[in-house]
Amino acid sequence: MQLTVAIIGAPHGLKGEVRLDVRTDSPARRLAVGAQLETDPADFGPLTITRTREYRGITYALFAESTTRDTAEALRGVRLIVETDEDEPEEDAYYAHELRGLEVLDPEGYELGIITGLENGPAQDVLVVREPDGRITRVPFVREIVTAVDLDDHCVVVDAPAGLFSEDDMIVVEGDDLTGALSATEENGTEESAAEGSSEMESSTEETK
């Protein structure tokens with residue numbers, strides 16, 4: 001089977017360097033210096049990597065066959081591919097690059113955070129989620145908790161156990177409940193004021209006697 005390693009993006013500088021949209025979980029192996037990669041469309045390849053670097057989370061590469069900005073521009077949108085004997089991924093298996101940036105929602109549709117990574121563990125994989133307040137939460141990537149992954153809608157649904165997300169500690173009061181809560185607060189305030197007034201009157205009467 002063919003595996004897309006990266007998609008070539010915009011040129012960077014004048015000497016043929018290009019930006020890469022990396023699509024593999026093994027960039028150090030697939031994009032090593034000296035690696036020769038086939039392309040899609042095939043007419044642009046093969047391309048031989050002479051240098052790679054990462055800057056602010058972005059991967060850049062140089063190819064032996066492309067040494068000018070014009071040749072680099074011609075490669076924009078070309079896929080770097082490899083033939084692999086690895087088994088086809090399972091239907092519900094996902095690559096880390098497919099999950100990064102997806103919105104995490106609870107079953108009611110409320111936002112819990114954004115996926116920033118996928119950690120592979122011996123027993124199970126873990127989604128790394130950045131909550132709106134910046135807190136990092138690790139969610140076991142199991143069907144009982146991550147109930148849906150929708151790449152088209154750019155989201156996953158997480159039915160999290162209590163305490164996993166910081167929002168579990170919040171109490172939200174809405175609509176009629178909010179009105180009732182305010183009314184109860186006002187009534188309590190009125191009763192307290194009346195009780196204080198009654199106590200002051202009793203004290204005044206005792207002083208007069």
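I'll start with His154, which is partly exposed at 42% relative accessibility. On the scale used here, buried means under 20% relative accessible area, exposed means over 50%, and partly exposed is in between, with a 1.4 Å probe and protein chains only. His154 sits in the loop between β11 and β12 (155–158). Its phi is near 60°, a positive value in a residue other than glycine. As background, most residues other than glycine have a negative phi, and most peptide bonds are trans.

Two notes on the source. This is a predicted model, where local features need pLDDT of at least 70 and side-chain atom pairs count only at pLDDT 80 or more, while totals for chains, interfaces and linings use all residues. Residues are numbered from 1 along each chain as its sequence is written, and side-chain values use heavy atoms, with hydrogens and water left out. Strand names follow DSSP: helices (H or I, at least four residues) and strands (E, at least two) are runs numbered from the N terminus.

Staying with the backbone, there are cis peptide bonds to point out. One joins Asp40 and Pro41, with omega about 5°, and Pro41 is in the loop between β3 (36–40) and β4. Another joins Gly45 and Pro46, with omega about 0°. Pro46 is also placed in the loop between β3 and β4.

Next, the strands at the start of the chain. Two strands count as paired if DSSP finds at least two bridges between them. β1 and β2 run antiparallel and are joined by four bridges, with Ile7 standing opposite Asp21 in β2. These strands form a hairpin with six residues between them, and Gly13 in the turn has a positive phi of about 85°. β2 also runs antiparallel to β5, through three bridges. Here Arg19 has Tyr60 in β5 as its bridge partner.

What does the largest nonpolar core hold? It has 17 residues, and those with the most contacts inside it are Ile8, Leu20, Phe63 and Leu80. A nonpolar core here is a set of buried Ala, Val, Leu, Ile, Met, Phe, Trp, Tyr and Cys residues joined through side-chain atoms within 4.5 Å. The elements giving two or more residues to this core are β1, β2, β4, β5 (58–63) and β6 (79–83). β1 gives the most, with four residues. Apart from this core lies another of 16 residues, among them Val104, Ile115, Leu118 and Leu164.

Leaving aside neighbours within four places in sequence, its contacts include Leu3, Val5, Ile8, Leu20, Leu37, Leu47 and Phe63. Contact here means heavy atoms within 4.5 Å.

Now the charged pairs. Side chains of opposite charge can pair when their charged atoms come close. The structure holds five salt bridges, each a side-chain nitrogen of Lys or Arg within 4 Å of a carboxyl oxygen of Asp or Glu. I'll go through some of them.

Glu17 and Arg51 meet in one, at 3.0 Å from N to O. Buried or exposed, which is Glu17? Glu17 counts as buried, at 6% relative accessibility. Arg51 is partly exposed at 39%, and Arg53 is partly exposed at 29%.

Elsewhere, Arg138 and Glu119 meet in a salt bridge at 3.1 Å, N to O. Arg138 lies in strand β10 (residues 136–140) and Glu119 in strand β8 (residues 111–119), so this pair ties together parts that are 19 residues apart in sequence. Arg138 is partly exposed at 44%, and Glu119 is partly exposed at 33%. As for shared partners, salt bridges join Glu17, Arg51 and Arg53 into one network.

Last, the sheet that contains β8 and β10. It is an open sheet of six strands in the order β10-β9-β8-β7-β12-β11, with mixed pairing. The edge strands are β10 and β11 (146–150), each pairing on one side only. From one strand to the next the twist averages 35°, taken between axes that are lines fitted to C-alpha atoms, for helices over the stretch in contact, with angles from 0 to 180 degrees between N-to-C directions. Inside the sheet, β7 (residues 103–105) and β8 pair in the antiparallel sense over three bridges. Glu103 has Ile114 in β8 as its bridge partner.
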